[in-house]
Amino acid sequence: MLETIVRNLKGMLADSNDATMLSSKRVVAFLAFICCVIAFFVDLFSNYNVSPNLFDAMMWIVVAGLGFTGLEKFAPKK
């Protein structure tokens, strides 16, 4: 079960050109997404208020990282 999750996670973060290498854009976007999820739940369930500017900045990192990664699929091959 855990092996399947790790294999799928590696496949999701792998570079589109070389499946054995991790894509730095995907890793950064995934880590920023995890930070956004944690910040959302901390803000929701605790008395600590997360700065909206900080949350927006992390959200834009996720949007830009995943957007550029998605555009790679439509780019012409070299």
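At 1.5 Å a residue, the 21 residues of helix α3 should span 30 Å, and the end C-alpha atoms of α3 are 30 Å apart, which agrees; the expected span of a helix is taken here as 1.5 Å times one less than its number of residues, and helices are DSSP runs of H or I with at least four residues, numbered from the N terminus. The model is a predicted one, in which local features need pLDDT of at least 70 and side-chain atom pairs count only at pLDDT 80 or more, while totals for chains, interfaces and linings use all residues. Residues are numbered from 1 along each chain as its sequence is written, and side-chain values use heavy atoms, with hydrogens and water left out.

Within α3, the residues V62, G65 and T69 are buried, where buried means under 20% relative accessible area, exposed means over 50%, and partly exposed lies in between, for a 1.4 Å probe and protein chains only. Seen down the axis of α3, its buried residues fall within an arc of 70°, so they line one face of the helix; the arc is that of the directions from the helix axis to the C-beta atoms. The face of α3 turned away from this buried side carries the exposed residues P52, N53, W60, F68 and L71. The buried residues of α3 pack against α2, with contact meaning heavy atoms within 4.5 Å. Also in helix α3 is M59, which is partly exposed, with a relative accessible area of 33%. Although M59 and A29 are 30 residues apart in sequence, their C-alpha atoms are 9.2 Å apart in space.

The axes of helix α1 (residues 2–13) and helix α2 (residues 24–45) come within 8 Å and cross at roughly 120°, the axes being lines fitted to C-alpha atoms, for helices over the stretch in contact, and the angles running from 0 to 180 degrees between N-to-C directions. This contact is made by L9, M12 and L13 of α1 together with R26, V27 and F30 of α2. By class, the contact of α1 with α2 has 5 nonpolar, no polar and 1 charged residues, where Ala, Val, Leu, Ile, Met, Phe, Trp, Tyr, Cys and Pro count as nonpolar, Asp, Glu, Lys and Arg as charged, and the others, Gly among them, as polar.

The loop between α1 and α2 contains M21, which at 48% relative accessibility counts as partly exposed. When residues up to four places away in sequence are not counted, M21 touches A14 and D15. The C-alpha atoms of M21 and K10, which are 11 residues apart along the chain, are separated by 9.1 Å.

A pair of aromatic rings is described by the distance of the centres and the angle of the planes. The structure holds 2 aromatic pairs, where rings of Phe, Tyr and Trp (its six-membered ring) pair if their centres lie within 6.5 Å, and planes under 30 degrees apart count as stacked, over 60 as edge-to-face and the rest as tilted. The rings of F40 and F41 have their centres 5.4 Å apart and their planes at 75°, so this pair is edge-to-face. In the pair of F41 and F45, the ring centres are 5.9 Å apart and the planes lie at 5°, so the pair is stacked. Being 4 residues apart in helix α2, F41 and F45 are separated by about one helical turn.

How values were computed. Helix = DSSP H or I, 4+ residues; strand = E, 2+ residues; numbered from the N terminus.
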